[in-house]
Amino acid sequence: MSEKYDEYVKRHIRAVNVCYKLLTGIDYYAAGINHDYSKYSDEEYIAYDEYFYPSDGSKVGEDPKRKEAFQYAWLHHQNTNPHHWQYWVLINDTDGIKPLEMPTEYVMEMVADWGAFAYLKKDGQELLDWYKANKDSQIMHEKTRAVVNQLVNVLAARINRKFGKEV
């Protein structure tokens, strides 16, 4: 167990809560959201810890076995947490790949999750840049995409306002 990984998860969850509150005005704990608690599960914890904070001092992603273990942990995380767009993508034999519409509460949590990294850097532009670079690879229902597009802009502006910047 890594103190560095534990601290990262705690810092991330706190930042997601701040971003969720910036979007909704509600503390997500009050809304009954338990963001990313699966990262403490047996299926995820060791793989994430060893991938991002290798105990042997190697570089992140350098060990193929750690990378594969992380990929299984990431798959578990996506399939366990409905605030990830991947959770809402149906892959089946008859329809192929079909994005399902995400409930709004999960869309808000997803955008807050993405915004947490920008919040920790005190720069809403980070969120806008990240979304622009990644949105074309995300498979989302058209209604979900429309809500995401709005919320990303709103959250970026609110992060910047919080830190005295303009978008």
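Predicted model: local features only at pLDDT ≥ 70, side-chain atom pairs only at ≥ 80, totals over all residues.
View 1. Glu 126 itself counts as partly exposed, at 33% relative accessibility. Lys 122 is placed in the loop between α4 and α5, and its phi is positive, at about 60 degrees, although Lys 122 is not a glycine. With a relative accessible area of 45%, Lys 122 is partly exposed.

**View 2. The N-terminal cap and the buried side of helix α5.** Asp 123 caps the N-terminal end of α5, where one of its side-chain oxygens lies 3.0 Å from the backbone nitrogen of Gln 125. Helix α5 comprises residues 124–134, and its buried residues are Gly 124, Leu 127, Leu 128 and Tyr 131. These residues are on the same side of α5, because the arc that they cover around the axis is only 95 degrees. The elements that cover the buried residues of α5 include α4 (104–120) and α6 (142–162).

View 3. The buried residues in α2 are Tyr 45, Ala 47, Tyr 48, Asp 49, Glu 50 and Tyr 51, and what covers them includes α1 and α3 (64–80).

View 4. Glu 50 forms a salt bridge with Arg 66, in which the closest N and O atoms are 2.9 Å apart. Since Glu 50 lies in helix α2 and Arg 66 in helix α3, the pair ties together parts that are 16 residues apart in sequence. Arg 66 is buried, with a relative accessible area of 15%, and Glu 50 is also listed among the buried residues of α2. Salt bridges that share partners join Glu 50, Asp 56, Asp 63 and Arg 66 into one network.

View 5. Asp 36 lies in the loop between α1 and α2, and its phi is positive, at about 60 degrees, although Asp 36 is not a glycine. The relative accessible area of Asp 36 is 1%, and this residue is therefore counted as buried. The side chain of Asp 36 meets that of Lys 39 in a salt bridge, at 3.3 Å from N to O, and Lys 39 is likewise buried, with a relative accessible area of 7%.

**View 6. A nonpolar patch of three tyrosines on the surface.** Tyr 29, Tyr 37 and Tyr 40 form a nonpolar patch on the surface, and together they have about 300 Å² of accessible area. Tyr 37 is placed in the loop between α1 (3–24) and α2 (45–52), and at 39% relative accessibility this residue counts as partly exposed.

View 7. Glu 7 lies in helix α1, and its side chain makes a polar contact with the side chain of Arg 14, at 3.2 Å. With a relative accessible area of 34%, Glu 7 is partly exposed.

Notes: Residues numbered from 1 in each chain as written. Heavy atoms only, no water. Patch = residues over 30% accessible without salt bridge, like charges linked within 9 Å, V, L, I, M, F, W, Y side chains within 5 Å. Areas by Shrake-Rupley, 256 points an atom, 1.4 Å probe, with all protein chains shown as cover. Salt bridge = Lys/Arg side-chain N within 4 Å of Asp/Glu carboxyl O. Helix = DSSP H or I, 4+ residues; strand = E, 2+ residues; numbered from the N terminus. Buried < 20%, exposed > 50% of the residue type's maximum accessible area, 1.4 Å probe, protein only. Arc of directions from axis to C-beta. Contact = heavy atoms within 4.5 Å. Polar contact = N/O pair within 3.5 Å; in protein donor to acceptor, adjacent residues only side chain to side chain.
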